Amino acid sequence: MQYKIAIIGGSGVYGLFKKAQKVPMKTPYGKVENLTRAKHKEYDIYFLPRHGPKHSVPPHLINYRANIYALHELGVSKIFATNAVGSIDTSLNPGDFVIPDQIVDMTKHRPLTFFDGATKINFADGTSRQGVVHLDYTNPYCPKLRAQYIRAVEDVGGMVHTKGVHVCTDGPRFETPAEITMFQKMGGTVVGMTTVPEAILARELKMCYSTLCLITNYGAGIQEKISHEEVVELFKEKTDTIKEIMKKIVSQTELDIKCDCKD
Ligand code: HPA
């Protein structure tokens with residue numbers, strides 16, 4: 001039996017696997033053309049760079065529904081994502097990793113759900129979901145996958161913050177200092193542009209989902225200016241560490257993990 005996991009790469013996370021095959025997919029939400037598959041022992045590992053292979057798709061234009069639906073169709077049960085984030089909590093520094101446990105959704109313009117009242121979603125276990133669906137979201141990220149990420153970062157000697165509130169904005173601009181001050185007052189730890197609706201859609205389709213956030217900068221107003229180049233630069237610097245973390249994830253992932261995060 002092959003177990004199917006996916007890695008969704010954020011800014012700067014490309015080409016994790018050398019011998020990867022292209023897996024083009026068509027979904028009711030559109031095509032997914034940047035998905036690849038590598039095999040490792042009893043795993044099929046799908047890799048999806050969410051900004052496209054050349055980082056050409058900005059955060060607010062990513063087709064999150066097509067991406068997550070494609071992984072669902074392929075039978076993926078666990079998603080390990082990565083995100084570039086700015087720190088809102090000034091005790092967290094660029095270069096640190098954060099495995100957030102909470103989300104504050106500050107997006108305004110993104111399709112957030114598969115459940116429009118009409119669409120029926122079928123699951124491999126024979127069940128389906130349709131109509132008015134209100135899911136529990138007490139734990140937005142899978143606690144078991146979070147624990148795996150924490151262990152993997154510790155194993156490679158990275159600086160890891162084991163929880164945090166991930167504030168998600170629409171972007172593509174960075175925030176104003178006033179927004180960062182507001183997020184600080186709300187209890188935010190880091191700010192990024194892509195965890196919503198990705199994490200929500202994965203939960204709707206009953207996939208375990210967790211994210212490895214790399215802090216690339218302090219939030220607006222904490223440092224003087226923010227540039228996309230510095231975000232990409234820091235990711236480049238940490239590419240080898242991220243690859244090591246992903247290798248640990250693949251070798252540590254329990255195949256028959258029992259998890260009730262997605263009921
Ligand atoms: N804000 C939003 N998204 C980000 C940031 C930021 O400061 N840094 C990296 N991604």
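In which sense do strand S7 and S15 pair, and over how many bridges? In this predicted model, strand S7 (residues 78-87) runs parallel to S15, and 10 bridges connect the two. Within S15, Ser-210 has Phe-80 standing opposite. A further partner of S15 is strand S8 (residues 97-98), which is antiparallel to S15 and joined to S15 by two bridges. Here Phe-97 stands opposite Leu-214 of S15.

Five aromatic pairs are present in the structure. One of them joins Tyr-69 and Phe-114 in a tilted arrangement, with a centre-to-centre distance of 6.0 Å and an angle of 55° between the planes. Tyr-69 belongs to helix H1 (residues 64-73), whereas Phe-114 lies in the loop between strand S9 (102-105) and strand S10 (121-122); the pair therefore ties together parts that are 45 residues apart in sequence. Both partners are covered: because the limit for burial is under 20% relative accessible area, Tyr-69 counts as buried at 13%, and Phe-114 likewise counts as buried at 1%.

A second pair involves S15. Tyr-141 and Tyr-209 are stacked, with their centres 6.3 Å apart and 20° between the planes. This pair also links distant parts of the chain, since Tyr-141 is in the loop between strand S11 (128-129) and helix H2 (143-155), while Tyr-209 is in strand S15 (residues 208-218), 68 residues apart. Tyr-141 is buried at a relative accessible area of 1%, and Tyr-209 is buried at 2%.

Ring pairs also extend beyond two partners, as Tyr-29, Tyr-69 and Phe-114 are linked by them into a cluster. A contact of another kind is made by Lys-206, whose charged end sits over the ring of Phe-123 at 4.4 Å from the ring centre.

The buried positions of H1 are Tyr-64, Ala-66, Asn-67, Ile-68, Tyr-69, Ala-70, Leu-71 and His-72. Just after the helix, Gly-75 adopts a positive phi of about 90°.

Technical notes:
Residues are numbered from 1 along each chain as its sequence is written. This is a predicted model: local features need pLDDT of at least 70, side-chain atom pairs count only at pLDDT 80 or more; totals for chains, interfaces and linings use all residues. Side-chain values use heavy atoms; hydrogens and water are left out. Rings of Phe, Tyr and Trp (its six-membered ring) pair if their centres lie within 6.5 Å; planes under 30 degrees apart count as stacked, over 60 as edge-to-face and the rest as tilted. Helices (H or I, at least four residues) and strands (E, at least two) are DSSP runs, numbered from the N terminus. Buried means under 20% relative accessible area, exposed over 50%, partly exposed in between (1.4 Å probe, protein chains only). A charge sits over a ring if NZ of Lys or CZ of Arg is within 6 Å of the ring centre and within 35 degrees of the ring normal. Two strands pair if DSSP finds at least two bridges between them.
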